[in-house]
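Work through the exercises below with the sequence and the structure at hand, and try each task before you read its solution.

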Amino acid sequence: YADQAEILDYMEGFLVSKTLFTACELGVFDLLASSQHPLSLEEVALGIRASQDGTERLLAACTGLDLLNTHTLDGQVMYSNTEQSSVYLTQSSPVSLTQSIHYSSKTIYLCWHYLTDAVREGSNQYEKAFGVKSEDLFEALYRSEEEMVKFMQLMNSIWNICGRDVVTAFNLSPFTTIYDLGGCSGALAKQCVLAYPECTVTIFDLPKVVKTSREHFVTNDNQRVSFHEGDFFKDALPDADLYILARILHDWTDVRSIELLTKVYRACRPGGGVLVVEALLCEDGSGPLTAQLYSLNMLVQTEGKERTAAEYTALLTAAGFQNIQVERTGKIYDAVLGRK
């Protein structure tokens, strides 16, 4: 039964995720990347400090997922990374997804254990998952320095890969003074100054996020990237030509989103604008699947949801923005530009 096989694939999808999570956490791909030649089962098991039986099963599953290559040498099976794994699953790669994978494994996956409760209750599940009350969303997200760094590493890996697509979806060269609200690790800001040599970007974020970003992510070499400490709901926004809200509005309700956009509109210079970067749903809600799943994740973790282009247009219009344009990148994240 073809339809039964498809349902079984969906049902067992978590097995694939956990296989990937475990291989990354044990350092399988890093170990193979550091070797000058393919490694045997015994060498991998020794290198990751795991049982030979368990390692054999894990390597077999990774091979079945096309994450590892196998070679036969003198009758012995040897393992190496595929090109895809070398690029995305090793910590040394500039576009590595390992930090994103660690965050998914240690934080998101635990929240999704309570998805049934989230659907029933219509609220996020931080208290059940971590024992942290979530009246202040980012107090829950940043409940420890370690958790905050993990989240920042997640955002860093996302924008290292997807950032250029969204900052070049529109020609932003007329905007020379840019504020990236909730700019986190600064990865999107760095993509912006690379694409537009005449602009400067200021990362506006909470003091502890700014401190961590300075220590771990943004070096003094980035002369056109600076910082401004603040809470974008509570503190005044400096005037600018353009404000970037990347993966920000999907955290919040419509009411809170309009509140923030109205504040941005009032601070924005005449002729300036706001760039909203989100995973857009189709207008009839029929897809894409990634955005649909992200919206469930917003339910489990935040107060918000993923939205359609029309819904973001309505939010921007309610805040006063005009001439709203939508650009779909064909990738995970799309761009919406509103002008003052």
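**Exercise 1.** In which strand does asparagine 323 lie? Find the strand, and then describe the backbone and the exposure of this residue in the predicted model.

*Solution.* Begin with the location: asparagine 323 belongs to strand 9, which covers residues 322-327. Next, look at the backbone, where the phi angle of asparagine 323 is positive, about 50°, although the residue is not a glycine. Finally, consider the surface: the relative accessible area of asparagine 323 is 60%, and since exposed means over 50%, asparagine 323 is exposed.

**Exercise 2.** Is aspartate 66 buried or exposed? Locate the residue before you decide.

*Solution.* Aspartate 66 is found in the loop between helix 5 (52-64) and strand 2 (68-73). Its phi is near 65°, a positive value in a residue other than glycine. With a relative accessible area of 55%, aspartate 66 counts as exposed.

**Exercise 3.** Which peptide bond, the one from glycine 287 to proline 288, is it: cis or trans?

*Solution.* The omega angle of this bond is near -10°, and the bond is cis.

**Exercise 4.** What radius of gyration does the protein have, and how does it fit a compact globule?

*Solution.* For 340 residues, a compact globule would have a radius of gyration near 20 Å, and the protein has 22 Å, which agrees. To complete the picture, note that 47% of the 340 residues count as buried, and that the protein contains 16 helices and 10 strands.

Notes
Residues are numbered from 1 along each chain as its sequence is written. This is a predicted model: local features need pLDDT of at least 70, side-chain atom pairs count only at pLDDT 80 or more; totals for chains, interfaces and linings use all residues. Side-chain values use heavy atoms; hydrogens and water are left out. Helices (H or I, at least four residues) and strands (E, at least two) are DSSP runs, numbered from the N terminus. The radius of gyration is taken over C-alpha atoms; the globule rule is 2.2 Å times the number of residues to the power 0.38. Buried means under 20% relative accessible area, exposed over 50%, partly exposed in between (1.4 Å probe, protein chains only).
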